[in-house]
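Subject: Structure handover

Hello,

Please find the structure below. My notes on it follow.

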Amino acid sequence: MSHTARPEGLSGHTAKRAVVTGGAGFVGSHLCRALLAAGDSVVCVDNLSTGRLRNIADLLDHRRFTFLDADIVEPFSVSDQVDLVLHLACPASPPDYFRMPVATLRAGGHGTYNALCLARDTGARFVITSTSEVYGDPLVHPQREDYWGNVNPVGPRACYDESKRFSEALTVAFRDEYGVDTGIARLFNSYGPDMRDDDGRVVPTFIKQALAGKPLTVMGDGSQTRSLCYVSDTVRGILALARSCETSPVNIGNPHEITMRELAEYVLGLTGGHSPVHYVEARPDDPQRRRPDIGRARRVLDWEPEVRLFDGLKETIAAFALAGDLSAV
Ligand SMILES: NC(=O)c1ccc[n+]([C@@H]2O[C@H](COP(=O)([O-])OP(=O)(O)OC[C@H]3O[C@@H](n4cnc5c(N)ncnc54)[C@H](O)[C@@H]3O)[C@@H](O)[C@H]2O)c1
């Protein structure tokens, strides 16, 4: 049990009604499912801009699940009691936020403001899913929460990085000025079933290509690293933070670091594919190294990832193969 866990009666399953913004997205839909499995009620608020109804299709008839089709950039209200606001709504994959930079900044600005107002007005705990992108292209390695980052404020990724940095600052301001009970989860790359195969992130891209027998497109020389966290671990980390009293940012990610070249080989091995690997131009400002220091998460949340890359990739490949949604290849 974490030493920052809430006392009995306020922790764990007492968050009886949770609002999940971005609940129809990749991480959000897994989070909604985990909350329902724990006995909580869920109001999922999503405008389906990068998420999909299909991610929550199995939840729509659940008696403790409500879907609210709304853009959180506009003020929104949720009737009755709210115990927890889990704020995920924001485009999160590079092709998505390159396509909608203003919407991404507005999600972090107006959207985070509206989600924080809901928490303030209902007395709910508020947890935002921030990102390792707040560290930018980091100059220290691995990244600890007290590292301030190396972000290009006018680069192509700025719409996302600065959106999240602003969100964090706004979260802290609501805590200071209004006493809102807040938490900040800094997620590092998460992967798993229900990612869109066209969302441009590396795991679905490689899997889609390998299953279709197409070349795997590795950016740059493939020596850049990522640390990939299976979605069930990510969700467990978010919930551990939500059920704690922790107020400082907490890295939620898997410290196991892998180069993109190794990942491509891994995916080919697991799919049994024989596609060649093609090296393509890297995205501008693509971070070279990413690896979380999860000392704080271990200490204050008693959390660490449990799913090995091998097992997580196997599950994800199986889900993609089942979905068989290869028409866009
Ligand atoms: N998946 C990761 O690896 C990762 C890493 C770091 C941080 N995060 C953060 O976790 C959260 C979820 O990411 P994801 O990977 O599930 O992305 P996603 O794109 O699958 O989900 C985001 C969801 O938010 C919704 N949304 C976007 N703008 C909205 C708006 N204005 N109003 C209402 N709904 C809106 C989308 O429709 C989508 O369902 C994001 O905040 C992201 O920044 C994710």
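A residue counts as buried when its relative accessible area is under 20%. Keep that cut-off in mind for what follows. Note also that this is a predicted model.

Strand E5

By that cut-off, 7 of the 7 residues of E5 are buried. Which residues lie on each side of the strand? Arg125, Val127, Thr129 and Thr131 are on one side, and Phe126, Ile128 and Ser130 are on the other. Both faces are covered. In a regular strand, side chains alternate between the two faces of the sheet.

E5 has a partner in E4 and another in E6. With E4 the pairing is parallel, over 4 bridges. Valine 85 stands opposite phenylalanine 126 of E5 there. With E6 the pairing is also parallel, over 6 bridges. In that pair, threonine 131 stands opposite leucine 187 of E6. The chain gets from E5 to E6 through H4, and this β-α-β crossover is right-handed.

Helix H3

H3 covers residues 101-122, which is 22 residues. From first C-alpha to last it reaches 31 Å, close to the expected 32 Å. The helix bends by about 35° at alanine 107. Alanine 107 is also one of the buried residues of H3. Others among them are Thr104, Gly108, Gly109, Gly111, Asn114 and Cys117.

What do the buried residues of H3 pack against? Their partners include four strands: E1 (17-21), E4 (84-87), E5 (125-131) and E6 (182-187). Helices H2 (94-99) and H4 (158-178) are partners too. So E5 packs against H3 as well as pairing with E4 and E6. Just after H3, glycine 123 takes a positive phi of about 75°.

Cysteines

How many disulfides are there? The count comes to 0, taking a pair of sulfur atoms within 2.5 Å as the rule. Cysteine 32 is in no disulfide. Its nearest cysteine sulfur belongs to cysteine 44, 4.6 Å away.

Is cysteine 32 buried or exposed? Its relative accessible area is 0%, so it is buried. Cysteine 245 has 37% relative accessibility, so it counts as partly exposed. The cut-offs for that class are 20% and 50%.

Best regards

Key. Residues are numbered from 1 along each chain as its sequence is written. This is a predicted model: local features need pLDDT of at least 70, side-chain atom pairs count only at pLDDT 80 or more; totals for chains, interfaces and linings use all residues. Side-chain values use heavy atoms; hydrogens and water are left out. Helices (H or I, at least four residues) and strands (E, at least two) are DSSP runs, numbered from the N terminus. The expected span of a helix is 1.5 Å times one less than its number of residues. The bend at a residue is the angle between axes fitted to the seven residues ending there and the seven starting there. Buried means under 20% relative accessible area, exposed over 50%, partly exposed in between (1.4 Å probe, protein chains only). Contact means heavy atoms within 4.5 Å. Two strands pair if DSSP finds at least two bridges between them. A crossover is right-handed if, with the strands pointing away from the viewer, the path from the first strand over the helix to the second runs clockwise.
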